[in-house]
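Student: I have a new model open and would like to learn how to read it. Could you take me through it feature by feature?

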Amino acid sequence: GLFSLAVRDAYRGACAVTNEHSLPALEAAHILPYGQGGQHCIDNGLLLRSDLHRLYDHGYVTVTPDYVFRVGDSLRDEFKNGRSYYILDGRKIAVPERELWRPNRELLEWHQREVFRS
């Protein structure tokens, strides 16, 4: 609960990718999952729309260490769809104003290398 609230506050209640502000549709995503040693720290979190969170956890999308949202070809290859997501590909995400709260670049690199299905 506290992790979600802290991430939500850091991102001012807006999805990092789409700027969506509908609170019921937003979720705090761990970059490195807690079950794999990730911490409940703001710099290990991204505020994402729930569908983007699910795609992120399954590796269909990622955020690069320079804060660019990427959509992998595997989404199109596996599901023959994804049009609404590919228009977001290459978009620079919004990050918290405080540098300490910004997504940890090493963790983003880990996600891109270990989870992302490019």
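Tutor: We will go from the overall fold to one helix, a strand pair, the salt bridges and the cysteines.
This is a predicted model, in which local features need pLDDT of at least 70 and side-chain atom pairs count only at pLDDT 80 or more, while totals for chains, interfaces and linings use all residues. Residues are numbered from 1 along each chain as its sequence is written, and side-chain values use heavy atoms, with hydrogens and water left out.

Student: Which secondary-structure pattern does the protein chain follow along the sequence?

Tutor: Helices (H or I, at least four residues) and strands (E, at least two) are DSSP runs, numbered from the N terminus. Here the protein chain has five helices and four strands, in the order α-β-β-α-β-β-α-α-α. Its radius of gyration is 13 Å, close to the 13 Å that the globule rule gives for 118 residues, so the chain is as compact as a globular protein of that length. That radius is taken over C-alpha atoms, and the rule is 2.2 Å times the number of residues to the power 0.38. The C-alpha trace spans about 35 × 30 × 25 Å along its principal axes.

Student: Which residues of helix H1 are buried?

Tutor: The general idea is that an α-helix has 3.6 residues a turn, so residues three or four places apart point the same way. Buried means under 20% relative accessible area, exposed over 50%, and partly exposed in between (1.4 Å probe, protein chains only). In H1 (residues 2-10), the buried residues are Phe-3, Val-7 and Ala-10. They cover an arc of only 60° around the axis, which puts them on the same side of H1; the arc is that of the directions from the helix axis to the C-beta atoms. Leu-2 and Asp-9 are exposed on the face turned away from that buried side.

Student: What covers the buried residues of H1?

Tutor: The cover includes strand E1 (26-30) and strand E2 (45-49), counting a contact as heavy atoms within 4.5 Å. E1 and E2 pair in the antiparallel sense over five bridges, where pairing requires that DSSP finds at least two bridges between two strands. One example is His-30, whose bridge partner in E2 is Gly-45. Four of the five residues of E2 are buried.

Student: How many salt bridges does a search of the whole structure find?

Tutor: Side chains of opposite charge can pair when their charged atoms come close. The criterion is a side-chain nitrogen of Lys or Arg within 4 Å of a carboxyl oxygen of Asp or Glu, and the search finds eight such salt bridges. One of them joins Arg-117 and Glu-78, with the closest N and O atoms 3.2 Å apart. Arg-117 lies in the segment after helix H5 (105-114) and Glu-78 in helix H3 (residues 73-79), so the pair ties together parts that are 39 residues apart in sequence. By contrast, Arg-113 and Glu-109, which meet at 3.7 Å, N to O, both lie in H5, four residues apart, about one turn of the helix. Glu-109, Arg-113 and Glu-114 are linked in a network of salt bridges.

Student: How many disulfides are there?

Tutor: A disulfide is a pair of cysteine sulfur atoms within 2.5 Å, and the search of the whole structure finds zero. Cys-15 counts as buried at 1% relative accessibility, whereas Cys-41, at 34%, counts as partly exposed.
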